[in-house]
Amino acid sequence: METWEGPPTVSLVTTNSKAPQVKMSAQESCLSLIKYFLFVFNLFFFVLGSLIFCFGIWILIDKASFVSFVGLTFVALQIWSKVLAISGVLTMGLALLGCVGALKELRCLLGLYFGMLLLLFATQITLGILISTQRVRVERRVQDIVLEAIQNYRADPEETEAEESWDYVQFQLRCCGWHSPQDWFPVRVLRGNGSEAHRVPCSCYNSSEATNDSAVFDKIIFPQLSRFGPRARPRHSTDICVVPANGHIYREGCAQSLQKWLHNNLISIVGICLAVGLLELGFMTLSIFLCRNLDHVYYNRLARYR
C-alpha cells in the first residue's frame, strides 16, 4: 500500500547567528572612532604645547627685540617667558600621554592620562571655590602686596621685579596707585633732592591728555625718556622716572580699574573656564570609556582569529 507523504515542512524560525558578530563589529568600530578621536585632538594639543614652549624660549633668548616691540620690561618678559615654557611642557606631556595611550591602546597610559586630567580639573574647581568664598581675604592680601610694593618702590636697586611689574599693571590698566595717586605721595624716593612736590612714576602718565606739551615734558624734565610708559631699564639701574602729581596723570586707582575690567570681561572669563572644564570632562570620559572597554576589543580579535 502506498503511503502519501505530505509536503516538506518549512521552518519559519530564522537563525540569527550573525547578530553577535554585527554587534561586536559595531562596538569595535565605536571604540576605534573614540581612539582616533582622542589621538587627533591630543596631537593638536601636543603641537600647540610645542609652539607655546618654543615661543617662551624665543622670548627668553631674544628679550631685547620683544622689549622694543611689546613694551614690557626685562623682568616681566622673563617671568612670562618662563610661564609660557612651563605651560608648553605640561601641555606637551599631557597630550603625549593621550596620544600614545589611545593609539597603542595602553591601559596604564590612559589611566595616567585620566588621573592627570582629573587632578587638573579638581585643582581648577578648588581654586574657583576658594576665590569665590575667600574673595574678601584675597582682595585684602592683594592690596597689602601692592601697597608694600609702592612703599618700597626703588628702595633696593637689586630687587625691582615687583616695582616693574606694578608699573606695567598701571600702564596697561591706565590707573595710578591702588586706591588713588595719593598712595605714591609718602614715597620719599620719588621726590628727589628734598623737594616737597608730590610726584608719581611715569607709568601713571596719561599721554592721551598731554599731546600738546609732551615734547616739552620730555625735553625739560626727563631727558632720559624716549617714550612714556614702562620702558626697558638696565638691571640695577638707579634712574627713576617720575612725573608731577599735578600734571597729566591717571586719577583713578587700579582697584577700581581692575573691578571694571573684571566686570566688562566677566562673560568671556566664565565662558573660557566653562569651555576648558567641558573639554577636560569630555577627554576624561572618552579616556576612561576606552580604558574600560579594551578587554572587549581583545576578546573580539581573539574570537575572530580562532
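**View 1. Ser81 in helix H3 of the predicted model.** Ser81 belongs to helix H3, which covers residues 74–104. At 1% relative accessibility, Ser81 is classed as buried, because the limit for that class is under 20%. Setting aside neighbours within four places in sequence, Ser81 is in contact with Gly56, Ile59 and Leu60.

**View 2. The Phe45–Phe283 aromatic pair.** A search of the whole structure turns up 7 aromatic pairs. In the pair of Phe45 and Phe283, the ring centres lie 6.1 Å apart. The planes of these two rings stand at 90°, so the pair counts as edge-to-face. Distant parts of the chain are linked here: Phe45 is in helix H1 (residues 19–61) and Phe283 in helix H9 (residues 266–292). The two residues are 238 residues apart. Phe45 is partly exposed, at 22% relative accessible area. Phe283 is buried, at 8%.

**View 3. The Tyr153–Trp184 aromatic pair.** The ring centres of Tyr153 and Trp184 are 5.0 Å apart. With the planes at 85°, over the 60 degrees required, this pair is therefore edge-to-face. Tyr153 lies in the loop between helix H5 (135–151) and helix H6 (161–173). Trp184 lies in the loop between H6 and strand S1 (199–201). The pair links distant parts of the chain, 31 residues apart. Tyr153 is buried, with a relative accessible area of 4%. Trp184 is also buried, with a value of 0%. Arg154 places its charged end over the ring of Tyr153, 5.3 Å from the ring centre.

**View 4. An aromatic cluster that includes Phe45 and Phe283.** Five residues make up one aromatic cluster: Phe37, Phe41, Phe44, Phe45 and Phe283.

**View 5. The largest nonpolar core.** This core holds 23 residues. Trp166, Trp184 and Val200 touch the most other members. H5, strand S2 (242–244) and helix H8 (254–264) are the elements that give two or more residues to the core. Trp166 has contacts beyond its neighbours within four places in sequence: Val146, Ile150, Gly177, Trp178, Trp184 and Cys254.

Terms used: Residues numbered from 1 in each chain as written. Predicted model: local features only at pLDDT ≥ 70, side-chain atom pairs only at ≥ 80, totals over all residues. Heavy atoms only, no water. Phe/Tyr/Trp six-rings, centres within 6.5 Å; stacked < 30°, edge-to-face > 60°. Helix = DSSP H or I, 4+ residues; strand = E, 2+ residues; numbered from the N terminus. Buried < 20%, exposed > 50% of the residue type's maximum accessible area, 1.4 Å probe, protein only. Lys NZ or Arg CZ within 6 Å of the ring centre and 35° of its normal. Core = buried A, V, L, I, M, F, W, Y, C linked by side-chain atoms within 4.5 Å. Contact = heavy atoms within 4.5 Å.
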